[in-house]
Every structure is written in structure tokens, then in C-alpha cells.
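Try each task before you read its solution.

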Amino acid sequence: VVVCFSMVRILEECGAGGTGGQAEDSEWNTLTFWLASVYAHAPRAPLILAATHCDMIPSAQFQAACNSLDAILERVLALVPGVGMQLVHNAAGRLCFFPVDNTRKTRPETVVALRRALDEAVRTVLQAEKELPVEWVLTLRRLLEVASERTQLRLPLVLTLEESLEVAATQGVSNATELRQCLATLSAAGHLLYFP
């Protein structure tokens, strides 16, 4: 899961030691909301924080801005206990986020670092997927196909447990107990949303 936010906006809102904007649409509140949502719906999925618009920070102030933002994000992460365990750290920058140059001109290495982190996160998820029963992986793929078909037909994306069981049965998952376990595992990994 990648959560993007404006590096410039959150630095402006938080200033030195602040806790973010009070407005409902502040970058701080929006970021807190999305971190809580990711943790609630995909508590085992890798999480990458991408701070956009780093190209708007003057080079002379860039490292200080990154250090300030790192401290701000540590305070935001503390508001959502547990989400820090999902976080993919920027080892090269020694930060809990990846600054991203939207122009790719000022700091092209930022996009390269983010791509590397994404590639590694995908490899981690795929490795975990290899450990799932084949029937569960096939069920996931078929459920995603059904979701795509329903989207094209402008039908709701929500499937009942009975509808999901019909799909799963064609892939070798034939009872509701196993399906519930399958859906809970896939939901925790961030592949789909399951509300028991």
C-alpha cells in the first residue's frame, strides 16, 4: 500500500513541533485517516509513505526538511498504534518515508528509491502468496476477475458470502468455514476487503 501526501503542505501545516492543521481536510488529518484505514483493512500489507513535491524544497534546505518531516511522521504514526510495523523504511535516506520529486528533474534518485521499495514490497507479498494454498490464490484471482466484470457492468463490487462461496467453489474452496479463513487472510494482506 502506498500512501501519498504533499511534503510541502504537511511541513507548512506542522511548522516546528506542531501537530498539523485543525481543518478537517488538513494534510495531517488526511494522512492519519489513511494510515488508520490501511491498518484496519490491511494490517499485514507493506506500507510505503510517499512525500510528493520534494522538488519544491530548495536544495540547501532539503535535508533539514526531510529530518523535520521524519519527526512529524513519527508523531503521526504514534497516533495509529501498530501501523509502524507495516512501514517500509527508506534505508538510503534513513527516513520513514520516500521523498518524491514530481518533476523528476531536481532529484531523480527519489523516484528510483521509491521504485526499489515498491519492487521489494511486491516481492515480499508474492513470496507470502506462495505460502497460501493454491485454491486460495485461485479464488483471489477469480474474485478479482468477477470484480472487474461487475465494474464493467456497473454493478456493485460487494459480494455476499454466498456469492463468494459460489466463486470459490469453482476454485476448490467448497465450504464457508474455509472461505471465511481465506477471505480474512487475503483481507489482512491487503488483497481485498472482507467484512465478516
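**Exercise 1.** Find where R9 and E13 lie, and how many residues apart they are.

*Solution.* Start with the helix. In this predicted model, helix 1 covers residues 7-14 and holds both R9 and E13. They are four residues apart, about one turn of the helix. Next, check the contact. The closest N and O atoms of R9 and E13 are 3.3 Å apart. The cut-off is 4 Å, so a pair at this distance is a salt bridge.

**Exercise 2.** Name the helix of E27 and the helix of R9, then say how far apart the two residues are in sequence.

*Solution.* First, the contact: E27 and R9 form a salt bridge, with N to O at 3.2 Å. Then place the partners. Finally, join the pairs: R9, E13 and E27 make up a network of salt bridges.

**Exercise 3.** Which residue does R142 meet in a salt bridge?

*Solution.* The partner is E149, at 3.3 Å from N to O. R142 is partly exposed at 24%. E149 is partly exposed at 38%.

**Exercise 4.** How many salt bridges are counted?

*Solution.* The count is four. Among them are R9 with E13, E27 with R9, and R142 with E149.

Technical notes: Residues numbered from 1 in each chain as written. Predicted model: local features only at pLDDT ≥ 70, side-chain atom pairs only at ≥ 80, totals over all residues. Heavy atoms only, no water. Salt bridge = Lys/Arg side-chain N within 4 Å of Asp/Glu carboxyl O. Buried < 20%, exposed > 50% of the residue type's maximum accessible area, 1.4 Å probe, protein only.
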